[in-house]
Amino acid sequence: MSSPFPQTIDRVKGLQIHAPIPENAKHIFNQEALALVAVLHRAFNGQRKQLLANRVAAQKARDAGVLPDFLPETAYIRDDPTWTGPPLARGLQDRRVEITGPTDRKMVINALNSGVATYMADFEDSLTPAWNNLVDGQVNLYDGVRRNLSYSTNGKQYTLNLDPKRHIPTLIVRPRGWHLEEKHVTVDGEPVSGGIFDFAIYFYNNAREAIAQGFGPYFYLPKMEHHLEAKLWNDIFNQSQDYIGLPRGTIRGSVLIETLPAAFQMDEIIYQLRQHIGGLNCGRWDYIFSYIKSLRNHSEFLLPDRSQITMSAPFMSSYVKLLVHTCHKRQVHALGGMAAQIPIKEDKERNRLALENVAKDKLREVLAGCDSCWVAHPALVPVVLKVFNEHMKGPNQINLPPRTPYKPITARDLLSPHVENAKITEQGIRANIIIGLSYIEAWLRNIGCVPINYLMEDAATAEVSRSQIWQWVTHGAKTDTGVTITKDYIQKLLDEEYAKLVKTAKPGNKFKQSLAYFAPQAKAEKYNDFLTTLIYDEITTIGRPVSAEKL
């Protein structure tokens with residue numbers, strides 16, 4: 001039987017790779033996979049860029065006072081009770097605990113050995129998109145799909161547990177968001193979309209093997225702000241499945257509702273992906289970041305210290321209630337948020353209290369109707385599983401009646417910034433400075449997932465940190481002691497915290513560069529849409545291009 005893949009090398013003309021491909025990755029960057037990258041770029045990159053331009057226009061409207069609301073032109077989608085998502089896919093019926101993390105080899109092995117339902121392998125917020133990280137991640141996932149993983153470091157061996165009696169988590173891949181480019185790969189002289197690159201290379205190389213292993217080509221889709229951005233993914237899914245001869249609907253995409261505009265378009269997002277939708281997820285930290293960014297011109301939406309913005313805050317609770325109601329109405333999973341705690345090994349009592357708080361948070365989620373939640377560390381798995389196993393006896397809660405009657409969520413419910421006993425403290429400002437500086441410094445060293453104060457921080461938490469300080473300075477907020485938060489006040493705290501961090505940092509650290517990026521944002525001299533796009537050029541290694549035809 002002939003290969004289902006197109007062999008026409010002409011399709012790869014115009015594609016160049018501007019970085020070296022290691023020997024152990026040559027099989028990943030085969031001409032057919034690169035041809036799919038080129039095909040998708042040429043078909044859809046113009047649409048992607050137009051959607052990004054639409055984001056800019058929507059933000060200008062919000063800055064001028066047009067607040068987010070449910071779209072009148074898509075009321076027919078929201079009001080139609082007859083349509084639903086597809087039947088649940090293999091390996092995605094029960095998703096009660098999902099572990100997330102970057103795609104380095106040790107992480108992939110530990111995640112697949114962790115005993116959870118699924119593993120979200122992340123090319124986005126927890127991975128610095130340095131070329132070597134991306135290549136290494138694709139190699140590791142190729143081997144992970146095929147259950148062929150081992151790793152050794154410092155005399156310690158890591159291997160995949162292939163005991164037939166135990167469950168290997170279903171692998172779900174998160175490509176980068178629409179705003180990120182991959183400058184190491186160009187088509188017709190233009191950088192390709194980071195999301196298209198991540199998706200196409202993984203999909204082409206692994207879709208059929210994933211199906212053979214009992215799951216399929218499954219993805220998490222991040223940072224969308226409009227249902228037409230979901231339609232773009234749906235169009236890409238259709239063309240990619242056609243390209244390799246898979247039935248449409250084989251791919252499943254779970255969407256992170258982690259932007260404020262998307263919270264008003266949950267039905268529409270599911271509708272656009274209705275042949276491929278896997279569920280919606282509560283991406284809490286990015287959601288707080290987007291709330292601040294979307295409403296940045298308006299002082300009435302000031303938020304307090306990050307530590308006070310829990311999921312019990314009314315606007316956050318409303319977001320979860322709407323997500324659960326919408327997902328179950330459409331027969332798809334409502335996916336809960338992240339538990340970012342990591343073990344406090346040197347303090348048993350403090351660790352016990354932290355795990356108690358995790359259990360309380362997950363109890364809130366399961367009682368709210370969530371079908372799953374995320375953890376950042378394998379040590380949290382037993383704690384969270386215990387909660388979900390006790391309160392969710394079946395594989396999910398999609399067809400169960402809600403535990404409390406649903407009251408329709410309004411735009412006001414989603415926008416109200418009310419937090420009980422809200423306050424801004426100097427300690428909270430300093431915490432944001434430490435997180436922002438520490439995360440950017442690590443990102444510049446190609447590390448995208450960083451433990452800080454026993455929490456696993458990624459790009460989302462750094463975005464919250466710099467956005468909060470920007471908001472407080474911009475609107476002249478006051479601390480709980482009555483101090484007005486000004487540029488000079490923030491500069492003083494920056495100087496003090498920077499000195500402490502540098503004093504204890506290892507030689508070769510990048511705190512100086514980190515401060516240069518973070519300080520103008522914190523002092524409200526600038527406000528870039530994303531830190532990752534702001535500092536991306538620092539970690540690119542553009543070299544002499546290699547044409548795909550020569551690979």
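Does Ala524 count as buried, partly exposed or exposed, and at what relative accessibility? In this predicted model, Ala524 counts as partly exposed because its relative accessibility is 26%, which falls between the limits of 20% for buried and 50% for exposed.

Ala524 lies in the loop between helix 17 and helix 18, the latter spanning residues 531-535. Although Ala524 is not a glycine, its phi is positive, at about 65°. Most residues other than glycine have a negative phi.

Asn446 also has a positive phi, of about 70°, and is likewise not a glycine. Asn446 belongs to the loop that runs between helix 14 (426-444) and strand 14 (450-452). With a relative accessibility of 35%, Asn446 counts as partly exposed.

## Packing of helix 16 and helix 17

The crossing of helix 16 with helix 17 is right-handed.

On the side of helix 16, the contact is formed by Ile490, Leu494, Tyr498, Leu501 and Val502. Their counterparts in helix 17 are Phe511, Lys512, Leu515, Phe518, Ala519 and Ala522. Sorted by class, this contact of helix 16 with helix 17 holds ten nonpolar residues, no polar residues and one charged residue.

## Packing of helix 9 and helix 15

Helix 9 (residues 284-294) packs with helix 15 (residues 459-474) at an angle of about 25°, with 8 Å between their axes. Because angles under 35 degrees count as roughly parallel, helix 9 is roughly parallel to helix 15. Helix 9 and helix 15 cross in a left-handed manner.

Helix 9 contributes Trp285, Asp286, Ile288, Phe289 and Ile292 to the contact. From helix 15, the residues that meet them are Ala460, Thr461, Glu463, Val464, Arg466, Ser467, Gln468 and Gln471. By class, the contact of helix 9 with helix 15 has six nonpolar, four polar and three charged residues.

## Cysteines

A disulfide is a covalent bond between the sulfur atoms of two cysteines. The structure contains zero disulfides. Cys373 takes part in none, and the nearest cysteine sulfur, which belongs to Cys370, is 8.4 Å away. Cys373 is buried, with a relative accessible area of 0%.

Thr425 is located in the loop between helix 13 (411-415) and helix 14. With a relative accessible area of 13%, Thr425 is buried.

Which residues does Thr425 touch, if those up to four places away in sequence are not counted? They are Asp305 and Asp480.

Definitions and conventions:
Residues numbered from 1 in each chain as written. Predicted model: local features only at pLDDT ≥ 70, side-chain atom pairs only at ≥ 80, totals over all residues. Heavy atoms only, no water. Left-handed = near helix turned anticlockwise from the far one by under 90°. Helix = DSSP H or I, 4+ residues; strand = E, 2+ residues; numbered from the N terminus. Contact = heavy atoms within 4.5 Å. Nonpolar A, V, L, I, M, F, W, Y, C, P; charged D, E, K, R; others polar. Buried < 20%, exposed > 50% of the residue type's maximum accessible area, 1.4 Å probe, protein only. Disulfide = S-S within 2.5 Å. Axes fitted to C-alpha atoms, helices over the stretch in contact; angles between N-to-C directions. Parallel < 35°, antiparallel > 145°, perpendicular 65-115°, else oblique.
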